[in-house]
Amino acid sequence: LALPLVLPPILLAIATYHDLLGLRPELLRAVTVFGLSLFPLVALFTARAVRASGGAALDAARVATTPREALLRVALGPALPGAAAGALLVFAFVVADFAVPDFLGVTTAKNTITVYANAVFRAWQNDGNPGAATAAGMPPTVFALLAFALVLRLESRRAAGAAGGDPLPPNPRPLGRAKVPLLAAVVLLLGAAVAWPAESHLRTA
């Protein structure tokens, strides 16, 4: 699941550029690239939170209520801080990214969308003042640091909550008829994030 993280977003953008030309507006191209590249951060943090929540509470909830209620309240509830931590990390990476939106045409003159990193770069090109560009780049830096701080806080709270909890991992349950479509969805997602750009790079090498 972590395999897409090996390929930087800009390489994915380069590999899939011609295939993404049909997407309008151009912002959807950047969303697609960042989504395929960075979704493992959210998935891995969420999975870690689910495993750390313990299995006893979930088993008890399955006995006391319906499987759906147990999943939503006991399994997914404790997973929300993990998902939030992963999303904050993704935000910290995306907010400072200059190359992907610029390469995919998000910041062209005909678009009304302004990407902060590109706006700072254009301002530096126009006035040639590195001090002003550095000062203008501080807000996303502060936001990124706050995001990392929130991730650390969420992780520390999760660890504190799990310290006296049930160490047993949740017991897996058979997926039944949903197994095949879910497996197909995972294979399709990993194929789009890894096999698609790899094939494109090999084809154009």
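Analyst: Start with one word. A residue is called buried when its relative accessible area is under 20%. This is a predicted model. In helix α6, A117, N118 and V120 are buried.

User: What makes the buried residues of α6 line one face of the helix?

Analyst: Look down the axis of α6. The buried residues fall within an arc of 160 degrees, so they line one face. What covers these residues includes α5 (99-103) and α7 (130-136).

User: How do you know that the end-to-end distance of α6 agrees with its number of residues?

Analyst: Helix α6 has 12 residues, 116-127. The expected span is 1.5 Å times one less than the number of residues. After α6 comes G128, with a positive phi near 65 degrees.

User: Why is R29 called buried?

Analyst: R29 sits in helix α2, residues 27-52. The cut-off for buried is under 20%. R29 has a relative accessible area of 5%, so R29 is buried. Beyond four places in sequence, R29 touches L20, L21, L23, R24 and L104.

User: Why does S37 count as buried?

Analyst: S37 is also in α2. Its relative accessibility is 2%, so S37 counts as buried under the 20% cut-off. Leaving aside neighbours within four places, the contacts of S37 include P4, L5 and L7.

User: What makes the pair of S37 and V33 a polar contact?

Analyst: The N or O atoms must lie within 3.5 Å. A polar side-chain atom of S37 lies 3.0 Å from the backbone oxygen of V33.

Technical notes
Residues numbered from 1 in each chain as written. Predicted model: local features only at pLDDT ≥ 70, side-chain atom pairs only at ≥ 80, totals over all residues. Heavy atoms only, no water. Helix = DSSP H or I, 4+ residues; strand = E, 2+ residues; numbered from the N terminus. Buried < 20%, exposed > 50% of the residue type's maximum accessible area, 1.4 Å probe, protein only. Arc of directions from axis to C-beta. Contact = heavy atoms within 4.5 Å. Polar contact = N/O pair within 3.5 Å; in protein donor to acceptor, adjacent residues only side chain to side chain.
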